[in-house]
Amino acid sequence: MVSKEENILFAAEKLFAEKGFDGTSTREISKAANVNISMISYYFGSKEKLYEKLVEYRIAEGQFFSKDILERTDMNEWEKIVKIVDQFAGRVRHHKCFYRIMQREQLYTDNPKIVAFLKQTKMGFISMYSQILESGLEKGIFTKNPPIYLLHATVSGTLFYASNAKDMYKEFLNDTEEEDVFEEKYYTELNKHIKYILKDLLGYEEN
């Protein structure tokens with residue numbers, strides 16, 4: 001069940017992605033969420049606080065899956081890397097609006113809370129990769145030790161660029177398949193591509 005608060009957040013997310021923070025009014029949000037405009041003040045206080053809550057909400061989801069992967073004892077370090085890529089790619093694919101907002105915020109934000117949220121997210125991913133890489137090197141699963149910050153940049157940068165360029169590539173390939181069919185194939189290939197790059201960067205060889 002989606003709560004009233006979440007309903008407002010998700011409606012606002014689509015509008016913020018499409019129009020930006022400044023271009024979106026609380027009246028538009030209330031209309032999209034099918035609630036009285038006073039409900040936004042009741043749950044969030046202001047449009048700015050709603051925006052911050054949305055970022056906090058989505059980031060908390062990502063932190064949960066990160067912590068879960070690190071604590072898994074039923075998979076080795078390469079399998080954890082694979083899981084991270086699958087989860088991250090899935091989030092970028094299924095939460096397009098939020099990641100469109102985040103890419104914009106990385107360039108233009110002057111909200112100190114958003115800046116802190118973004119930094120927290122990046123540091124969390126870098127720490128996760130670092131722990132997995134260190135453990136994998138100790139066990140001999142990985143034979144190369146790439147700069148950890150570039151490892152994260154390789155994954156996130158490839159995912160964001162490819163996600164943004166999906167429609168262009170569909171046109172370039174002259175692909176006439178239904179959108180959902182092409183998207184499934186596209187993200188499957190994207191996942192394989194990222195894992196292929198990571199195998200080389202980490203020096204991982206399957207037995």
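**Close-up views of the predicted model**

E179 is partly exposed, with a relative accessible area of 34%; this class lies between buried (under 20%) and exposed (over 50%), for a 1.4 Å probe and protein chains only. The model is predicted, so local features need pLDDT of at least 70 and side-chain atom pairs pLDDT 80 or more, while totals for chains, interfaces and linings use all residues. Residues are numbered from 1 along each chain as its sequence is written, and side-chain values use heavy atoms, leaving out hydrogens and water.

**View A. E179 pairs with K166 in a salt bridge.**
The closest N and O atoms of the two side chains are 2.3 Å apart; a salt bridge has a side-chain nitrogen of Lys or Arg within 4 Å of a carboxyl oxygen of Asp or Glu. K166 lies in helix α9 and E179 in helix α10, so the pair ties together parts of the chain 13 residues apart in sequence. Helices here are DSSP runs of H or I with at least four residues, strands are runs of E with at least two, and both are numbered from the N terminus. K166 is buried, at a relative accessible area of 5%.

**View B. K96 and E183 join helices α6 and α10.**
Their side chains form a salt bridge with an N to O distance of 3.2 Å. The pair links distant parts of the chain, 87 residues apart. K96 is partly exposed at 28% relative accessibility, whereas E183 is buried at 13%. Both K96 and E183 belong to a salt-bridge network that also takes in R93, K166, D167, E179 and E184. The structure holds 18 salt bridges.

**View C. D200 forms a salt bridge with K144.**
The N to O distance is 3.7 Å. D200 is in helix α10 and K144 in the loop between α7 and α8, so parts of the chain 56 residues apart in sequence are tied together. K144 is partly exposed, with a relative accessible area of 39%.

**View D. I194 is a buried residue of helix α10.**
Helix α10 spans residues 179-202. The relative accessible area of I194 is 2%. Beyond its neighbours within four places in sequence, I194 is in contact (heavy atoms within 4.5 Å) with V85, V155, T158 and L159. I194 and L159 are 35 residues apart in sequence, with their C-alpha atoms 8.3 Å apart.

**View E. N34 and N174 are loop residues with positive phi.**
N34 has a phi near 60° and lies in the loop between α2 (26-33) and α3 (38-44). N174 has a phi near 55° and is found in the loop between α9 (166-172) and α10. N34 is exposed, with a relative accessible area of 70%; N174 also counts as exposed, at 63% relative accessibility. Most residues other than glycine have a negative phi.

**View F. The region annotated as DNA-binding covers residues 25-44.**
The annotation "DNA-binding region" comes from an unreviewed UniProt entry; UniProt positions follow the numbering used here, feature names are shortened, and annotations may be inferred rather than shown by experiment. Over residues 25-44 the chain is 75% helix and 0% strand, with the end C-alpha atoms 14 Å apart. For "domain: HTH tetR-type", UniProt (unreviewed entry) lists residues 2-62. That stretch, residues 2-62, is 77% helix and 0% strand, and its end C-alpha atoms are 19 Å apart.
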